[in-house]
Amino acid sequence: MASRRTVVLTLGLLLLIGLPPAALAFGEPFMVTLWSRILIWALAAASLDLILGYGGMVSLGHAAFVGIGAYTVGILGHHAFEGSAVPFLPGDWSGSALALVQWPAAVGAAALVALIIGALSLRTAGVYFIMITLAFAQMLYYFFISLPDYGGEDGINLWQRSEVPGLDTGDPVVFYYVCLVLLVGFLVLAKRLVDSRFGMVLRGCKQNEARLRALGCPTTRGKLVAFAIAGAGAGLAGALAANQTEFVDPGLMHWTKSGELIVMVLLGGMGTLVGPVFGAAALLLLEEVLTGITEHWMIILGPLLILVVLFARRGIYGWLAGPGARDG
Amino acid sequence: MTWLLFAEQTLNGLQQGVMLFLMAAGLTLVFGIMSLLNLAHGSLYMVGAYVTATVTQASGSFGLGVLAGMAAAALAGGLIELIALRRLYARDHLDQVLATFGLILFFNELVKILWGPQALFLSTPEILSGTVDLAGTPYPAYRLFIIAVGLLVALGLRVLIVNTRVGMLIRAGSTHREMVGALGVDIARLYTIIFAVGAMLAGLAGALAGPMLAIQVGMGENILILTFVVIIVGGIGSVRGALVGALLVGTVDTFGRAFLPMALRAVMDPSAADTVGASIAGMSIYILMAAVLMIRPRGLFQAYGGT
């Protein structure tokens, strides 16, 4: 007997797999691009859910790691095209256009930056943590604005998408499936992580960190590792985002993007990993619909968010999959 | 020469500091007493700036403009408290972040509809547009005016909190909320008033910033984040911490921008020194914040109630 949760998840996955052929058959190729964007931001939101929903760490600077991932791809691609050396690295390695080099580099760079920011920010908790993650993210935002070599405020164009041998990543449908596979892969990995002993520690931190510490658990270390893993996931999303638009600019890491990521997590259902995927789809589709109605769509979205906070607390996934879907 | 430059930059830092204090005081009061994290505090600053610019241009009087800006911000603050935010005092900070994020989107778009996407500019009022002679160097009178206003507000807040009945209620409300309510004080009304006063100070900051900055959508978020740094450095909930934090952040930021490129020129070529210096100067306040957190994770000053 399949549970309601299994039905929702299977149906959702089948819909996502079948979307590109259906979109092409109905003559709506734009839908493939839109849904690629949804999958990418869903990946970023799911990575945020790992620390927000499970660890209880409200980070208002998660988009910074998306930006780090995107800039890693942008900078490596830029130097590979120009044949010039990548600065701040030993030797004169001139970057690479290969996804197998660019994407792990993006993930690694984002994880490293998250490790540093996390180590500083986790000295605090609660509302201090919210403000300090926001402040560090803005610092990185201004840092990239003041980098004239990589376009500063205007950003840089990618000369081509990351190369995957045997795949034409320039093709929207192929790229869509690449995004889907990476998203599902991340979700499976994250699910295994939260079900492990490590995940128990993380959830324990959210409920009662003092008690956990009294039991001899190194809670800060656990939270820091989770923060870095979440940063790595966001870095991967950033690498994909850069590839999709073939363009990277500091706007990716602006704090409103971090705010939108939190919205996706809460809208979809916090602490469920899959929920943020629903949340990302809902927010980006809503944006698509509202921009069709009025150019000033934010004036509708803003009050809508307040209503969601006040009245709809379980999120879309909690509503679809019923009670007990928390640890889906 | 260097001495004069140093004195001038100290005044600039002081001026930026008191502006940040006007923002931080309201934010820290609202957090300290209602434990509400209000991201939309910067929007009230923006409202103050826009209304001041419009009224000043219409009436020709900057003084009238500032009063109108403060009133508009207080009104907007009181309204959002009554309609939405008072329902969030008991919620966790995540809900508050999301709801006030929604408010920011709303205010930014509303301002864009009412005033258009172009930035507004406001000229310095006639009387204050000159310079004052400080030991041989001319210094803009308007900046001195801002310093004076900011210090007066700081003094006024201290008198209000320490010496008046409302101030006593504010202090009592921040530590023993239920007890104050049980003694017959209308807590809900007290909260609305505190929120409106904080909003008014944000409006004042926006009004005063008008002649120095381009008045545009998003100006509120830039200063909001600086205000967060101030509050983290000073300690949440403490008005004294807000003042010390604001002056520290203002001075470090101003000195970094003025002297870092110059200092780096001694060790590298000028153009590189300017670029690198500007980047590091932009990050200097965040480095300050990290350093303070290393030593005192809860800021330099503890508020009465903790949390």
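1. Read along its sequence, chain B runs α-α-α-α-β-β-α-α-α-α-α-α-α, which comes to 11 helices and two strands. Helices here are DSSP runs of H or I with at least four residues, strands are runs of E with at least two, and both are numbered from the N terminus. Please keep in mind that this is a predicted model, in which local features need pLDDT of at least 70 and side-chain atom pairs count only at pLDDT 80 or more, while totals for chains, interfaces and linings use all residues. Residues are numbered from 1 along each chain as its sequence is written, and chains are lettered from A and ligands numbered from 1 in the order in which they are written.

2. Chain A has 12 helices and two strands, in the order α-α-α-α-α-β-α-α-α-β-α-α-α-α. Its radius of gyration is 20 Å, close to the 20 Å that the globule rule gives for 328 residues, so chain A is as compact as a globular protein of that length. The radius is taken over C-alpha atoms, and the rule is 2.2 Å times the number of residues to the power 0.38. Along the principal axes, the C-alpha trace of chain A spans about 55 × 50 × 40 Å.

3. For its 307 residues a compact globule would have a radius of gyration near 19 Å, and the 20 Å of chain B agrees with that. The box filled by its C-alpha atoms is roughly 65 × 50 × 35 Å along the principal axes.

4. On burial, 52% of the 328 residues in chain A are buried, and 50% of the 307 residues in chain B are. A residue counts as buried if 20 or more other C-beta atoms lie within 10 Å of its own, as exposed if 12 or fewer do, and as partly exposed in between, with C-beta atoms placed from the backbone.

5. Now for contacts, meaning pairs of residues whose C-beta atoms, placed from the backbone, lie within 7 Å. Among the contacts in chain A with a separation of 6 or more, 76% join residues 24 or more positions apart. For chain B that share is 76%.

6. The largest nonpolar core holds 213 residues, and Ala42(A), Ala110(A), Ala135(A), Val229(B) and Val249(B) touch the most other members. Helix α2 of chain A (residues 30-54) gives the most to this core, with 16 residues. Such a core is a set of buried Ala, Val, Leu, Ile, Met, Phe, Trp, Tyr and Cys residues joined through C-beta atoms within 7 Å. Leaving out residues up to four places away in sequence, Ala110(A) touches Phe65(A), Ile68(A), Gly69(A), Gly231(A), Ala232(A), Ala234(A), Gly235(A) and Gly238(A).

7. The contact between the two chains takes 34 residues from chain A and 36 residues from chain B. On the chain B side, α4 (93-115), α9 (219-234) and α11 (270-295) each supply at least two residues. The largest share of that side, 16 residues, comes from α4(B). By class, the chain B side has 26 nonpolar, six polar and four charged residues. Here Ala, Val, Leu, Ile, Met, Phe, Trp, Tyr, Cys and Pro count as nonpolar, Asp, Glu, Lys and Arg as charged, and the others, Gly among them, as polar.

8. Helix α1 of chain B (residues 2-34) is worth a look. Its 33 residues reach 47 Å from first C-alpha to last, close to the 48 Å expected at 1.5 Å a residue; the expected span is 1.5 Å times one less than the number of residues. A kink of about 25° is centred on Ala24(B), the bend being the angle between axes fitted to the seven residues ending there and the seven starting there.

9. Most residues other than glycine have a negative phi. Ser35(B), which follows α1(B), has a positive phi near 45°. This serine lies in the loop between α1 and α2 (41-59) of chain B and is buried, with 22 other C-beta atoms within 10 Å. Leu273(A) is not a glycine either, and its phi is positive at about 65°. Leu273(A) sits in the loop between α9 (255-268) and α10 (275-293) of chain A, and counts as buried because it has 27 C-beta neighbours inside 10 Å.

10. Finally, a glycine in chain B: Gly241(B) lies in helix α10 (residues 239-265) and counts as buried, with 25 C-beta neighbours inside 10 Å. Leaving aside neighbours within four places in sequence, Gly241(B) is in contact with Gly234(B), Gly235(B), Gly299(B), Leu300(B) and Phe301(B).
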